[in-house]
Amino acid sequence: MARTLIPLVGFLFLCCYSTMVVESAEYMKYKDPNQPMNTRIRDLMNRMTLEEKIGQMVQLDRTVATAEIIKNYSIGSVLSGGGSVPLPQATAEDWVNMVNEFQNASLSSRLGIPMIYGIDAVHGHNNVYKATIFPHNVGLGCTRQVYYLLYLTFHEGYLDPQLVKKIGAATALEVRATGIPYAFAPCIAVCRDPRWGRCYESYSEDHKIVQEMTEIIPGLQGDIPPNSRKGVPYVGGKTKIAACAKHFVGDGGTTKGINENNTVTDWHGLLSIHMPAYYNSIIKGVSTVMVSYSSWNGKKMHANRDLVTTFLKDILKFRGFVISDWKGIDRITTPVHSNYSYSIYAGIHAGIDMVMVPYNHTEFIDGLTHHVKNNLIPMSRIDDAVHRILRVKFTMGLFENPMADFSLVDQLGSQAHRDLAREAVRKSLVLLKNGESADEPVLPLPKKAPRILVAGSHANNLGNQCGGWTIQWQGVPGNNITAGTTILSAITSAVDPSTEIVYSENPEADFVKSNNFSYAVVVVGEPPYAETAGDSLNLTIPDAGTTTIQNVCGSVKCVVVLISGRPLMIEPYMAEMDALVAAWLPGSEGQGVTDVLYGDYGFTGKLSRTWFKTVDQLPMNVGDEHYDPLFPFGFGLETKPTNTTS
């Protein structure tokens, strides 16, 4: 009897041990990079509680995110809102350390699901001190590439999407330098009315230009592998970041350009103007899509299931995750946040996968949990959201490489990136006037002159030059905000050492007349702004700017450089200007402006926006029946490079 029991006991022990080993191996399956991605996702989701799944759908601002909250609630994402930084003038190392603190909290949760850290990097890594600040999108839409045949024959320029791809790659390196793997960019809005305060975030009024500029996505994320499934997100390693196409959909078409307002157009208008760039973004593997605050024909986009789920997910086959805008679901109701329980239902039912809460996570989690447990929102909707979020995280390699390091810190504000930004500036500038006739051009300017005047509110102001979404959400004037080169400094470097430069921000006419200047460069424009604060019904140059134009240009030969996020009212002053350059919001590299003013490179930029005569004409876009612009879409005078010194 004993001889029979011993082998039986041994056999049972081996069976139990084998089962334990198998279960242990199965438990680690989602952490095994050799397993297929879908196997890993299914394995992980099978282990997740409802609370952990809902936690993954939450994005918290860094100011309220604590290690305890992240760990206990399995928070899926943390972000920096505009201007939200770990320290004033924080270094790349400071950012890396902060991100890693949050990530360590995520990894200490029950299942160790890494969080994804996101930030607005909309024209370079614009929240970060000493990062390279590239031109805003309105300028990049004007960039043109030129060819020279045997250095003799000049050819008309063509759109240069490869430039924005390089900018995307440089931005990805600088974002990764600070330990961050996710940027809320690019904005692929088609701005149809320059009165909109976000118009500078749009490449063009023409959807075809915006479509071509989606080439920034493979710059940010990497080129999708050959034969990959269309619509599946892709991030190509530790030097690339997840991108976000925004704001879905129609944000640039609101009535009178009022931010977050209503876009009134039929289905054909929505599909033909505002939707095409999303198709391009999806087939290029964009990881996320952000929903717009705006409405379409009165229906809030954050609550529009027909567009977010039926069209974006089901028809366009987008397989990444959909994220709300900042407190986006709160704005579903009027007043804002007046019925948050309904807002949670409407937003999640519409198809939003991750919600920028960004402050009160318990209110959202409790509300969504209640809806699921009471069968108002099906578990299948939660599973769809979490599956998409995890797909992006696995694609990014966060499970294998969750922690950031210091290996890329030297990429932040590197000279190579500043040189690229300088190239982007000079290609984005549009020459609108150059003398009274082609036979008597004012530009390029001579580098050698006895005395020149530099004037205007934006000539020696890096913050004005960079615009909104720079260091702070609304931007900030001044020269101490970050590293860069003002236009005045660039002029000083460009001209001959013997040339005397006189700088006066707003000189009186008598002063200009009495100083025998050879010529003047007047740099004026809009103050920094972002979003609703930039909405404008008159689009006028501030009074100090127009006064400077009149005082200077009425007394000496002058070139006006206009710094703005959109076309402004300039027709009344055109006769006084000898030359006019639309410089948009060029960013940190002011030498890109002087590169073309002084002839080291030729002007090649072409308007990606129609320049109106009066605001009464607005909205007015190329192709409209009553099209009567001051400068039409595609306009831009050209000059040839010359090494003039006298």
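## The salt bridge between the domains

The rule finds one salt bridge across the interface of domain 1 and domain 2. A salt bridge here is a side-chain nitrogen of Lys or Arg within 4 Å of a carboxyl oxygen of Asp or Glu. Arg-609 and Glu-205 form a salt bridge, with their closest N and O atoms 3.8 Å apart.

On the side of domain 1 that touches domain 2, two residues are nonpolar, four polar and two charged. Ala, Val, Leu, Ile, Met, Phe, Trp, Tyr, Cys and Pro count as nonpolar; Asp, Glu, Lys and Arg count as charged; the others, Gly among them, count as polar.

## About the model

This is a predicted model, in which local features need pLDDT of at least 70 and side-chain atom pairs count only at pLDDT 80 or more, while totals for chains, interfaces and linings use all residues. Residues are numbered from 1 along each chain as its sequence is written, and side-chain values use heavy atoms, leaving out hydrogens and water.

## The two domains

Domain 1 is made of 46-119 + 181-187 + 201-244 + 318-397, and domain 2 covers 421-631. These bounds come from an automatic or database domain assignment. The C-alpha centres of the two domains are 39 Å apart.

## Where the domains meet

Eight residues of domain 1 are in contact with eleven of domain 2. Contact means heavy atoms within 4.5 Å. Six residue pairs, both at pLDDT 80 or more, are in polar contact between the domains. A polar contact is a pair of N or O atoms within 3.5 Å; within protein, one must be able to donate a hydrogen and the other to accept it, and residues adjacent in sequence count only if both atoms are side-chain atoms.

How much area do domain 1 and domain 2 bury between them? The value is about 690 Å², with 42% of it on carbon and sulfur atoms. Buried area is the accessible area (1.4 Å probe) that two parts lose on being put together, summed over both. Gly-82, Glu-201 and Glu-205 supply 63% of the area that domain 1 buries against domain 2, more than any other three residues.

## Disulfides

The structure holds two disulfides, each a pair of cysteine sulfur atoms within 2.5 Å. Cys-191 is joined to Cys-199, S to S 2.2 Å. This link is left-handed, with -105° about the S-S bond. Both Cys-191 and Cys-199 are buried. Buried means under 20% relative accessible area, exposed over 50%, and partly exposed in between (1.4 Å probe, protein chains only).

The other disulfide pairs Cys-553 with Cys-558, their sulfur atoms 2.0 Å apart. Its link is right-handed, with 105° about the S-S bond. Cys-553 counts as buried because its relative accessibility is 8%. Cys-558 is buried too, at 1%. With bonded cysteines counted along the chain, the pattern is 1-2, 3-4.

Cys-244 is in no disulfide; the nearest cysteine sulfur belongs to Cys-187, 9.9 Å away. Cys-244 has a relative accessible area of 0%, so Cys-244 is buried.

Cys-466 is in no disulfide either, and the nearest cysteine sulfur, that of Cys-142, is 18 Å away. Cys-466 is buried, with a relative accessible area of 0%.
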